[in-house]
Amino acid sequence: MPVLLIMGPAGSGKTSLVKTLATYIQSEHVSSPVTTCNLDPGIEDHYEWTMDIRSRFTLRDIMEQEKLGPNGAMVRGYERLVQHFDAFFSSLEPLEDPSWLLIDTPGQVEPLLFSASGNALMEKMHYSFPDVTGIFLMPGDMINDPAHYAFLLMVYAGLSLKVPVEIIQVISKADLIDDDVLPCVQDAKALQERLLSRKMGEFTEFGMHAIEMMERLIPALHLVFLQANAEPATGLDDLFDIINELKCGCGDLS
Ligand SMILES: Nc1nc2c(ncn2[C@@H]2O[C@H](COP(=O)(O)OP(=O)(O)OP(=O)(O)O)[C@@H](O)[C@H]2O)c(=O)[nH]1
Ligand SMILES: [Mg+2]
């Protein structure tokens with residue numbers, strides 16, 4: 001069963017992508033059944049998720065019960081996700097190929113990256129779904145800023161250190177990338193020049209090392225440019241080409 005775990009910063013288009021992917025997979029493009037799974041206790045929508053963590057707890061519950069604001073409640077939400085993980089997924093019927101499982105993650109990516117429960121959640125995910133493929137969204141409006149783009153690449157690098165799963169890099173909201181930025185997205189030298197030309201004074205030595213790292217990171221990317229809210233959505237064929245290459249074990253993505 002192919003399992004896709006959609007991750008990314010707040011507002012990067014994770015939920016939109018899950019919904020768009022579900023339609024795409026069920027259409028003639030893939031023609032497979034889909035299970036959609038919401039792991040975000042804070043989402044407020046009326047979509048008919050196949051599985052929904054809100055059947056167990058919501059962010060509002062946590063805020064009220066523990067007298068926390070939304071940020072503190074989301075950190076607790078990750079802890080509860082870990083506690084509920086096994087029981088929650090035990091209701092998942094065994095799905096054979098070609099069924100797909102699409103998992104949406106909470107808006108705040110910080111607890112996933114920096115908390116013990118974020119680590120535990122990823123470990124459980126990997127243990128329960130050894131073939132899980134991550135999809136990491138880098139939204140177009142963010143990557144217009146060279147420092148934001150470089151930072152997202154480092155977050156992606158950090159995620160790769162944390163979990164031994166394939167993670168595909170997707171530029172979401174690709175329609176929001178400025179025309180003059182687009183040619184630089186896959187060009188390390190151009191990104192370095194844009195970083196160095198920012199009028200913020202001298203970079204520290206460590207900052208210069210970070211800039212140099214772009215020469216290693218960018219050529220290793222296999223970027224997909226995606227627009228989930230277009231009619232029809234764009235980039236899904238390219239995303240599936242990469243997923244299929246990974247799934248068929250061809251290995252070489254170059
Ligand atoms: N321009 C543009 N907007 C998009 C695209 N995809 C999603 N959006 C919009 O971006 C906003 C956030 O989308 P969501 O799908 O809720 O993003 P998310 O990452 O799930 O958000 P959180 O769960 O709150 O972190 C919504 O207003 C979407 O309509 C896209 O391809 N282009
Ligand atoms: Mg969402």
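Let's start with one residue: in strand E3, Asn38 has Asp52 as its bridge partner. Strands here are DSSP runs (E) of at least two residues and helices are DSSP runs (H or I) of at least four residues, both numbered from the N terminus. Before going further, a word on the model: it is predicted, with local features needing pLDDT of at least 70 and side-chain atom pairs counting only at pLDDT 80 or more, while totals for chains, interfaces and linings use all residues. Residues are numbered from 1 along each chain as its sequence is written, and chains are lettered from A and ligands numbered from 1 in the order in which they are written.

Now the overall picture. The chain has 10 helices and 7 strands, and its C-alpha atoms fill a box of roughly 55 × 50 × 35 Å along the principal axes. A compact globule of 254 residues would have a radius of gyration near 18 Å, and the chain's 19 Å agrees with that; the radius is taken over C-alpha atoms, and the globule rule is 2.2 Å times the number of residues to the power 0.38. Of contacts between residues at least 6 apart in sequence, 71% join residues at least 24 apart, a contact being two C-beta atoms, placed from the backbone, within 7 Å.

Back to Asn38 and its strand. E2 (residues 34–38) runs parallel to E3 (residues 51–52), joined by 2 bridges; strands pair if DSSP finds at least two bridges between them. E2 also pairs with E4 in the parallel sense, over 5 bridges, and there Asn38 stands opposite Asp104. Of the 5 residues of E2, 4 are buried. Buried means 20 or more other C-beta atoms within 10 Å of a residue's own, exposed means 12 or fewer, and partly exposed is in between, with C-beta atoms placed from the backbone.

Cys37, also in E2, is buried because 20 other C-beta atoms lie within 10 Å. Leaving out residues up to four places away in sequence, Cys37 touches Trp49, Thr50, Met51, Leu101, Leu102, Ile103 and Asp104.

On to E4 (residues 100–104), where 5 of the 5 residues are buried, so the strand is largely enclosed by the rest of the structure. Trp100, Leu102 and Asp104 point one way, and Leu101 and Ile103 the other. E4 also pairs with E1 (residues 3–7), in parallel over 4 bridges, with Leu4 and Leu102 as bridge partners.

Some of these names come back in the largest nonpolar core, which has 56 residues. Such a core is a set of buried Ala, Val, Leu, Ile, Met, Phe, Trp, Tyr and Cys residues joined through C-beta atoms within 7 Å. Residues with the most contacts inside this core include Leu5, Leu102, Ile103 and Ile135. Beyond four places in sequence, Ile135 is in contact with Leu4, Leu5, Ile6, Met7, Ile168 and Val170.

Finally, the ligand. Ligand 1 is surrounded by 17 residues, the closest being Gly13, Lys14, Thr15, Ser16 and Gly107; a residue is near the molecule if its C-beta atom, placed from the backbone, lies within 6 Å of it. Helix H1 (residues 14–26) gives the most to this shell, with 3 residues. The shell divides into 3 nonpolar, 10 polar and 4 charged residues, where Ala, Val, Leu, Ile, Met, Phe, Trp, Tyr, Cys and Pro count as nonpolar, Asp, Glu, Lys and Arg as charged, and the others, Gly among them, as polar.
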